[in-house]
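This briefing covers pockets, a cavity, strand pairing and nonpolar cores. It is meant to be read with the structure open.

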Amino acid sequence: MTAAEMEARIVRYGDLQPCKTAFIDAHTPGSDQKENFTIIGGGVSESTDQHVHITIPHGFNIGAAGQPPKCRNSLHSHRTAEVFFVLSGRWRFFWGRWGNAGEVVLEEGDIINIPTGIFRGFENIGTDYGMIMAVLGGDDAGGGVIWAPQVIEDAAAHGLVLGENGKLYDSKKGQTLPEGVKPMPTLTDAQLADYPEPQAADVVPRHVARYWDMMAMAQKKPALVIGENGMLPDRPGFEVGFLTRGSATEEMHSHDVPSVLMPMRGHWRVTWDGGAATLAPGDTMSVPAHLPHTAVPSMTGEASLFHVVATADPAGPTWKG
């Protein structure tokens, strides 16, 4: 593989193309400034305006959310894994039917594997524009988002309607539901009763890993962050690993499926037979299956990198172990 061919599988942070109308809360005050990015796979965007950078199936999706201070993503749920790590900023993650069952604040480099089947939202509580990177389980990312009823109701008051086909229609643009397409129904009280309300003590110990703990665990060998035997035990259809300068190696290795490299800190030099490329924080690289490669820091200073690879486990509910 030539360097030019590989460059087509690298999405540079500075080249990310945002969508500001990706979800039903795009016009709702407090959520109307967020930007959604789909880096690998179509994700769960509800907008036809969403740009997908890499369409190659990986068994999971990679995306990102960028938000200015005090901007939040409304309460929703997923059928498959939703994993975030904080690339920049300070973020509050909250959950429950009304978002008051529990919450946790994540700093740069921290990661959270939010349990499936609970309503969750997140808010940039920092002082500058922030970015969180996301991994969603399954090539179809679980088939879409399930919104808390009040989100759908609030959106209708601001001109956005979600069709039962999973697509958004904006009355501000003169759009209406196509003939034969009904609005997405809100969940009934009986359905809402199936959504748990875990406290922070139920979520944080098993679903949150702090950056400096991962740095310590990966001092001499890569740390498995999410996996059956990971720091956060789960089998969501992919594994998330973590590398530092001390655990990076010049030894070539490959995977039977495409894998993804996502630097958190420092610059990383990825080398393969035929070329090399340097990645910076916020860049995303899809390494082809069966391609021997190595990734090591390319300069001095702090260096850390997340590594995502699909497993044979089906994407689905959070594994209870």
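Strands here are DSSP runs of E with at least two residues, numbered from the N terminus. The model is predicted. In it, β18 gives the most to the lining of the largest pocket, with four residues. That strand also pairs with β16 and with β24, and Phe242 of β18 returns in the largest nonpolar core.

**Largest pocket**
- The volume of the largest pocket is about 340 Å³.
- Its lining counts 21 residues. Nearest the centre are Pro222, Leu243, His253, His255 and His307.
- By class, eleven lining residues are nonpolar, eight are polar and two are charged.

**Second largest pocket**
- The second largest pocket holds about 270 Å³ of space.
- It is lined by 16 residues, and Gly144, Val145, Ile146, Leu162 and Met184 are the closest to its centre.
- The lining splits into nine nonpolar, five polar and two charged residues.

**Enclosed cavity**
- The model has one cavity of 30 Å³ or more.
- The largest cavity has a volume of about 300 Å³.
- Its lining takes in 32 residues, with Phe23, Asn36, Val44, Ala64 and Glu82 nearest the centre.
- At least two lining residues come from each of β2 (35-40), β4 (60-67), β5 (72-77), β6 (82-88) and β11 (130-137).
- β4 supplies the largest share, six residues.
- The class count for this lining is 16 nonpolar, twelve polar and four charged.

**Strand β18 and its partners**
- β18 spans residues 238-244, and six of its seven residues are buried.
- β16 (residues 223-227) pairs antiparallel with β18 over three bridges. Ala223 has Phe242 of β18 as its bridge partner.
- β24 (residues 304-310) runs antiparallel to β18, and seven bridges join the two.

**Three-stranded sheet**
- An open sheet has the strand order β21-β20-β23, with antiparallel pairing.
- β21 (275-279) and β23 (293-297) are the edge strands; each has a single partner, so one side of each lacks a neighbour in the sheet.
- The twist from one strand to the next averages 20°.
- β20 (residues 268-272) pairs with β21 over five antiparallel bridges. Within this pairing, Arg269 stands opposite Thr278 of β21.

**Nonpolar cores**
- In soluble globular proteins, nonpolar side chains tend to be buried together.
- The largest nonpolar core has 35 residues. Ile111, Val225, Phe242 and Phe306 touch the most other members.
- A second, separate core has 24 residues, including Leu75, Ile146, Ala148 and Leu168.
- Ile146 of that second core is also among the residues closest to the centre of the second largest pocket.

**Glu197**
- Where does Glu197 lie? Its place is the loop between α3 (189-192) and α4 (200-207).
- Is Glu197 buried or partly exposed? Its relative accessible area is 41%, so it counts as partly exposed. The band for that class lies between under 20% for buried and over 50% for exposed.
- Glu197 and Thr116 are 81 residues apart in sequence. Their C-alpha atoms are 12 Å apart in space.

Definitions and conventions. Residues numbered from 1 in each chain as written. Predicted model: local features only at pLDDT ≥ 70, side-chain atom pairs only at ≥ 80, totals over all residues. Heavy atoms only, no water. Pairing = 2+ DSSP bridges. Axes fitted to C-alpha atoms, helices over the stretch in contact; angles between N-to-C directions. Buried < 20%, exposed > 50% of the residue type's maximum accessible area, 1.4 Å probe, protein only. 1 Å grid on protein atoms, 1.4 Å probe; cavity = no way out; pocket = protein on both sides within 12 Å on 5 of 7 lines; lining within 4 Å. Points joined across faces, edges and corners; volume = space filled by probe spheres on them. Nonpolar A, V, L, I, M, F, W, Y, C, P; charged D, E, K, R; others polar. Core = buried A, V, L, I, M, F, W, Y, C linked by side-chain atoms within 4.5 Å.
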